[in-house]
Amino acid sequence: MRSSRFFFIAVLVSSIAFLLPSGQNAAAPGGPGNETLSLEPVTALLSSYHRSEDTDTVLVSSKADDKRGGIREQIPDKYKARYQQWKRDFLSTEIGQKQWEQFGDDPSFTLTIVVSRENAEGAGTGKYKWDANGKLIAATITLGARLHEGYPNPIYYPVMNSLSSNGTSNLEKGILAASKIAHEFGHLSRTSQSDSALYQLQSQLIPVYNKIFLTNGRDARDPRLLELVQKMRGTPVEIWEDREYWGETNAMLYLRDRLPEDNLRCTLFSRIRQSVDLYAKPYAERFSSVARSASSQNRCGWQ
């Protein structure tokens, strides 16, 4: 059954579309005069959740205004009511409260939260800033204006997708939106713990990799690409999926806390496990560790 995931990865590697900004075209190989190859359809398929161009923006700064700390919520008036509902749902859980306080109470870190009509059903985390010592001092989470709608695909988003069927589609819309917020806080938590130099190096070299790959006949064995993979400690696909699955494990922590009813939680956990077994087997331990963090009678068959 793992062949489904590997087929999808093959398509992913052949396009690398998700690593280009939405709507960007890549020059077709073969020299001047060729028509451009539009990557928009593949971008839409692979990046149905994360389509924000800010997702991988990296800045290094030591400006004083980045050190005031706290959470700045920049929410247009017309979206404030729904945003407050999403926020209440996220903060109704132990993990939500803990992470909100972790970043909100840090005087050396500034988190900006924005609601935008762009990528209306998705979200993104970016505009990262580090100080001279490599400490993360700022980031921005951008939430789509219809965050409570739309279920990402199960391949890279097995947790959020678990809310889409098997009798769970009538759950409060706030739970879906809060799961997406939890996913973004997962990115933020992971990035704050990561090697800032490596993260920035990856962000600098991934476009270089893509440019070579799209102009060398899509040969991943190109010595130049192999050298870049060694420096980045992974291919662009591996780096991207690693980041997304960390976001999803945080969303699973949110659902663990949010849904105390055994039957409903077990329904969701069963769907998550099925998707992980199909598409994310190498990352299964991340998800099973979340299940094991629940009390023994609430693990829903996860070992």
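## Contacts of Ser275

Two residues are in contact when heavy atoms of one lie within 4.5 Å of heavy atoms of the other. In this predicted model, Ser275 touches Pro154, Pro158 and Ala280, leaving out residues up to four places away in sequence. Ser275 belongs to helix 10, residues 262-279. With a relative accessible area of 10%, Ser275 is buried, because the limit for that label is under 20%.

Helix 6 covers residues 173-193 and has 21 residues. From first C-alpha to last, helix 6 reaches 31 Å, close to the expected 30 Å. Of its 21 residues, 17 are buried, so helix 6 is largely enclosed by the rest of the structure.

The largest nonpolar core has 60 residues, and Leu143, Phe185, Leu188, Met252 and Phe287 touch the most other members. Apart from neighbours within four places in sequence, Phe287 is in contact with several residues, among them Pro158, Tyr245, Met252 and Trp302. A second, separate core of 9 residues includes Ile206, Tyr209, Leu225 and Leu228.

## Salt bridges

The model has 13 salt bridges. One of them joins the side chains of Lys87 and Glu73, at 3.0 Å from N to O. Lys87 is in helix 3 and Glu73 in strand 4, so this pair ties together parts 14 residues apart in sequence. Lys87 is buried at 16% relative accessibility, while Glu73 is partly exposed at 34%.

Glu227 and Lys231 form another salt bridge, with the closest N and O atoms 3.6 Å apart. Both residues are in helix 8, separated by about one helical turn because they are 4 residues apart.

Key:
Residues numbered from 1 in each chain as written. Predicted model: local features only at pLDDT ≥ 70, side-chain atom pairs only at ≥ 80, totals over all residues. Heavy atoms only, no water. Helix = DSSP H or I, 4+ residues; strand = E, 2+ residues; numbered from the N terminus. Expected span 1.5 Å × (residues − 1). Buried < 20%, exposed > 50% of the residue type's maximum accessible area, 1.4 Å probe, protein only. Core = buried A, V, L, I, M, F, W, Y, C linked by side-chain atoms within 4.5 Å. Salt bridge = Lys/Arg side-chain N within 4 Å of Asp/Glu carboxyl O.
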